[in-house]
Amino acid sequence: MNDHLQSGTLDDLSPDDTRLDLGSFDGFDPFAGEEPSFDAPAAETTETNVTPLPQPKETLLPSESITPAPQQVEAPPPAPKPAVNPLQQAIEQAEEKDVKQAAAPLFSRPPVFCHGGVSEEITDPKMTFDQLREEKARDFSELEDAAKVSWTVEYGKTTRSIGKPRTEVIFAVKKEIEASKAFLDAIKKDGAKGLACKVKPRITAQKKGIASYKGVFTTLEEAERAQKPISILPARDGKVYEIRRTPLGTFIAPAENVAELSELRAGFRPALPPIPQSLLQQVIGFFRCFMGEDRRLEALAHIYWDKEKQEYRVVVPPQWVTEASVDTVLTEDDILDEERYLHYADIHSHNTMAAKFSLTDNMDEKPTRVYLVVGRLDHYFPEVEARISCNGRFVPIPVERVISPIHQSFPAHWVEKVHFGRREVA
């Protein structure tokens, strides 16, 4: 810096001076509209021919009491959208096309109705979920009330709940799932083998709770203490009764369709696998050995489940037989170890008579288990009937509930010889 310049002049604000500090100018506002000027004295020099510098107009510095103008803060610009990679986009489109082509056989398969252990393809492309419910209600009475039935579609790892079963079309929902990126990504990752579009009804719970004026009780004493205007309770005769208390008196009548009670039907849900058909054929062969021109005797066999070997075992107990009866007396040696074996079923024959349980059978078959009877043993295909005993109360059940079906394999080319419809004559 020139020594002949005094401190405080504009020359002191040289751009080459890195020590510049605007904060040293008390009251200086860099955002003010008018640039302040400074009063600088004439420069002293030893040269007589040097013209003095012009004196800048004196301007007072702004007072500290003046409020600076507010700063205008601009909003940050929006983040730029990521650029689309045309090559990557083309690759993804090609992969999606390949996945759809590979899954074309899957997409062409119809959806499948699944309920109650049965599966059946749905062939009507215009059918709604509620129309399917009405069709299947003939075989599954629990589907009769639309208000109690909800629907889901399970397709691979995708599960879709149906909100409007009256209007939503089953095939349309299947197509929507197939077009979704999540479904296509799952196929690309795991493949389409074994996939099926499963349409499943669910029986929704009834409205929870019960009206304040109504009660369900297990004993008459409980109902008397509650004093509800309407009471529901079972009786000793096995029926359910409704009791209504009015100013006229107490009315009692058998109850029907009690919504507060769970829906229940008599029947049997096996916890063990079906008895093999081959085992049944062995037992029938054993029964037939007591059939001949001069005799038509009955016989009995017990069927046990071996918990260790996980298989059935036939045991023939000591017995005395006639044409109309079987008399069995079991000793301790004839009874298998109950820790290992479960007495699952009794099966006896009725020689040439029909496979019908008799009054004698009703007297003997008290224990809770499965019972089978085989009749018409003189026919090529004998008759077989099944029932359960629930502490001496009998309920008929389908034979296929406890016996595996007859083996039905055959050469596939046989089907090729069968044509549907009438033969066209040229």
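This is a predicted model: local features need pLDDT of at least 70, side-chain atom pairs count only at pLDDT 80 or more; totals for chains, interfaces and linings use all residues.
Local features need pLDDT of at least 70 and side-chain atom pairs count only at pLDDT 80 or more, while totals for chains, interfaces and linings use all residues. Residues are numbered from 1 along each chain as its sequence is written, and side-chain values use heavy atoms, with hydrogens and water left out.

**Cores**

A nonpolar core is a set of buried Ala, Val, Leu, Ile, Met, Phe, Trp, Tyr and Cys residues joined through side-chain atoms within 4.5 Å. Buried means under 20% relative accessible area, exposed means over 50%, and partly exposed lies in between (1.4 Å probe, protein chains only). The largest nonpolar core holds 26 residues, and Ile347 and Leu372 have the most contacts inside it. At least two residues of this core come from each of α7 (277-288), β10 (300-306), β14 (341-349), β15 (369-375), β16 (383-390) and β17 (393-397). The helix α7 gives the most, with five residues. Helices (H or I, at least four residues) and strands (E, at least two) are DSSP runs, numbered from the N terminus.

Contact means heavy atoms within 4.5 Å. Leaving out residues up to four places away in sequence, Leu372 touches several residues, including Ala345, Ile347, Phe357, Val384 and Ile403. In soluble globular proteins, nonpolar side chains tend to be buried together.

**A strand pair**

Strands β10 and β11 (residues 311-315) run antiparallel and are joined by five bridges; two strands pair if DSSP finds at least two bridges between them. Tyr304 has Arg313 of β11 as its bridge partner. The hairpin of β10 and β11 has four residues between the strands, and Gln310 takes a positive phi near 55° there.

**Around helix α3**

Thr128 lies in the loop between β2 (118-121) and α3 (129-136). With a relative accessible area of 9%, Thr128 is buried. Not counting residues up to four places away in sequence, Thr128 touches Pro165, Arg166, Thr167, Glu168, Val169 and Ile170.

A salt bridge is a side-chain nitrogen of Lys or Arg within 4 Å of a carboxyl oxygen of Asp or Glu. By this rule the count comes to 19 salt bridges. The table gives some of them.

| Pair | N to O distance |
|---|---|
| Lys136 and Glu120 | 2.1 Å |
| Asp130 and Arg166 | 3.6 Å |
| Glu135 and Lys136 | 3.5 Å |

Lys136 is in helix α3 and Glu120 in strand β2, 16 residues apart. Lys136 is buried at 9% relative accessible area, whereas Glu120 is partly exposed at 41%. Asp130 is buried, with 7% relative accessible area, but Arg166 is exposed, with 61%. Glu135 is partly exposed, with 31%. A network of salt bridges links Asp130, Arg133, Glu134 and Arg166.

**A surface patch**

Ile210, Val216 and Leu261 make a nonpolar surface patch of about 210 Å². Patches are made of residues with over 30% relative accessible area and no salt bridge, with like charges joined within 9 Å and nonpolar side chains (Val, Leu, Ile, Met, Phe, Trp, Tyr) within 5 Å. Accessible areas come from the Shrake-Rupley method with a 1.4 Å probe, and for residues only the protein chains shown count as cover. Ile210 sits in the loop between β5 (197-203) and β6 (214-216) and is partly exposed, with a relative accessible area of 40%.
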